[in-house]
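Please look at the structure below before reading the notes.

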Amino acid sequence: MIEAVGLTKRYGDKTAVYNLSFQVRPGAVTGFLGPNGSGKSTTMRMILGLDNPTAGQVTIGGYPYPKLPNAPRQVGALLDAKAVHGGRSARSHLLCLAQLSGIPARRVDEVLGVVGLQEVARKRSKGFSLGMGQRLGIAAALLGDPQVLLFDEPVNGLDPEGILWVRNLMKALAAEGRTVFVSSHLMSEMALTADHLIVIGRGQLLADMSVKDFISANSADFARVRTPDTEPQLREKLTSALTEAGGHVLPEQDGALRITGLPLPRISDIAHDADVRLWELSPHQASLEEAYMRMTQGAVDYRSTVDQKSGLMQPLPPGAQPPMPVPGQGQPDWYAPPPPQQGGQPFAMPQGQPGPYGAPGAPGAGQPNPYAQPAPAAPQTPAAPPQPPVSAASADLTKPEDAR
Ligand SMILES: Nc1ncnc2c1ncn2[C@@H]1O[C@H](COP(=O)(O)OP(=O)(O)OP(=O)(O)O)[C@@H](O)[C@H]1O
């Protein structure tokens with residue numbers, strides 16, 4: 001098991017990780033998520049003893065990594081697939097690592113087989129593609145047959161077959177009772193691979209819960225409605241009617257409408273009263289990606305803007321429709337963060353009130369909602385905000401990693 005308690009890392013006046021406490025348990029794949037620059041790699045480096053915490057501690061099996069007996073046989077990690085001497089072949093690179101850790105040479109050929117690099121084992125790694133480099137990094141992590149494995153973005157650069165292989169590998173390693181801690185920005189992949197999630201934002205813990213609970217706690221159920229593509233005016237008519245009835249309507253990229261705040265039967269009635277035919281009316285729960293976006297929206301440091309293409313756009317031909325808005329772009333409240341007082345459930349209703357589609361006062365209010373999800377446990381409350389940055393004089397600038 002990996003255990004972090006009050007883990008904090010400052011680089012000069014930059015607080016990369018603040019007061020992080022979590023456990024990564026054996027027998028499960030634990031996903032480590034967070035926006036760019038949120039402190040995932042820093043945390044992993046501290047777990048592996050490559051960076052020293054400014055405060056707090058992190059242990060593996062009860063020991064800080066530098067004190068762990070026979071560490072290379074107990075812990076395997078892929079942090080940076082490019083951290084390989086390019087002049088060495090894949091095999092020699094692994095042989096060097098094996099010799100340093102007292103691992104028999106025959107194990108090198110075994111792991112080369114596991115990652116599918118036998119054919120290129122004697123080729124210099126500087127000619128490797130990104131995906132081949134990732135496979136070599138995974139081979140290095142598996143070398144000591146460790147009980148604890150850390151992978152920082154393991155599927156980066158892999159082809160679909162490689163991604164599927166990594167997914168199955170992670171699951172198989174966890175099923176053998178190992179501790180598997182894996183960071184990724186690919187939410188769809190995490191949804192399929194991870195059992196548990198640790199989510200951080202700006203170095204602080206945002207969530208520590210199962211994937212299922214995370215999605216339930218950070219997403220609103222919604223209805224999807226589609227009107228006939230051939231009659232765009234019906235879409236506009238329905239949008240006005242639903243908005244008037246208290247619904248919140250957002251256009252989706254494919255022309256459908258996403259509606260919250262109204263129960264499905266009410267949407268159907270409103271459409272009928274407005275004389276709008278429907279091609280689709282379906283209940284939905286958000287994806288892990290949407291739940292993640294909703295939770296981390298306030299903790300994103302690097303945000304893109306819409307490309308206005310000033311002076312480059314041709315005027316629209318008469319009668320042409322402007323392009324549909326893209327969810328998340330130019331719509332800052334698309335993934336509105338859930339109100340903290342409701343434990344991260346943006347549309348959860350008090351007990352005895354209508355479920356996620358129910359609007360107070362709407363027909364059907366107070367009646368059981370067939371689409372209501374059971375209320376999940378409230379997510380862990382985020383830690384207190386970071387203290388003001390320490391001055392450069394008091395910061396731990398003497399540590400070797402700070403000199404990088
Ligand atoms: N050696 C260092 N010196 C100074 N600042 C650093 C150092 N390493 C990391 N940082 C800063 O700490 C913060 C966290 O970086 P880190 O690489 O841990 O984030 P991350 O979550 O892994 O990001 P990404 O998803 O983009 O890989 C960033 O602001 C980064 O600039």
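**Briefing on a predicted model**

Asp275 sits in the loop between helix 10 (264-273) and strand 13 (280-284). Helices (H or I, at least four residues) and strands (E, at least two) are DSSP runs, numbered from the N terminus. This is a predicted model: local features need pLDDT of at least 70, side-chain atom pairs count only at pLDDT 80 or more, and totals for chains, interfaces and linings use all residues. Residues are numbered from 1 along each chain as its sequence is written.

- Most residues other than glycine have a negative phi.
- Asp275, not a glycine, has a positive phi of about 60 degrees.
- Asp275 counts as exposed because it has 10 C-beta neighbours inside 10 Å.
- Arg202 counts as buried, because 22 C-beta neighbours lie inside 10 Å.

- Six strands form an open sheet with mixed pairing, in the order 5-6-7-3-8-9. Two strands pair if DSSP finds at least two bridges between them.
- Strand 5 (75-78) and strand 9 are the edge strands, and each pairs on one side only.
- On average, neighbouring strands of this sheet are turned by 15 degrees against each other, direction ignored.
- Strand 3 (residues 28-33) and strand 8 run parallel and are joined by four bridges.
- Thr30 stands opposite His196 in strand 8.

**Helices**

- Helix 5 (residues 130-142) lies across strand 5 and strand 6 (148-152), and runs at about 170 degrees to strand 5. Axes are lines fitted to C-alpha atoms, for helices over the stretch in contact, and angles run from 0 to 180 degrees between N-to-C directions.
- The axes of helix 3 (residues 90-100) and helix 4 (residues 106-114) come within 9 Å and cross at roughly 130 degrees.
- Helix 3 and helix 4 are therefore oblique to each other. Angles under 35 degrees count as roughly parallel, over 145 as roughly antiparallel, 65 to 115 as roughly perpendicular and the rest as oblique.
- Ala90, Arg91, Leu94, Leu95 and Ala98 in helix 3 meet Arg107, Val108, Val111 and Leu112 in helix 4. Two residues are in contact if their C-beta atoms, placed from the backbone, lie within 7 Å.

Methods
A residue is buried if 20 or more other C-beta atoms lie within 10 Å of its own, exposed if 12 or fewer, and partly exposed in between; C-beta atoms are placed from the backbone.
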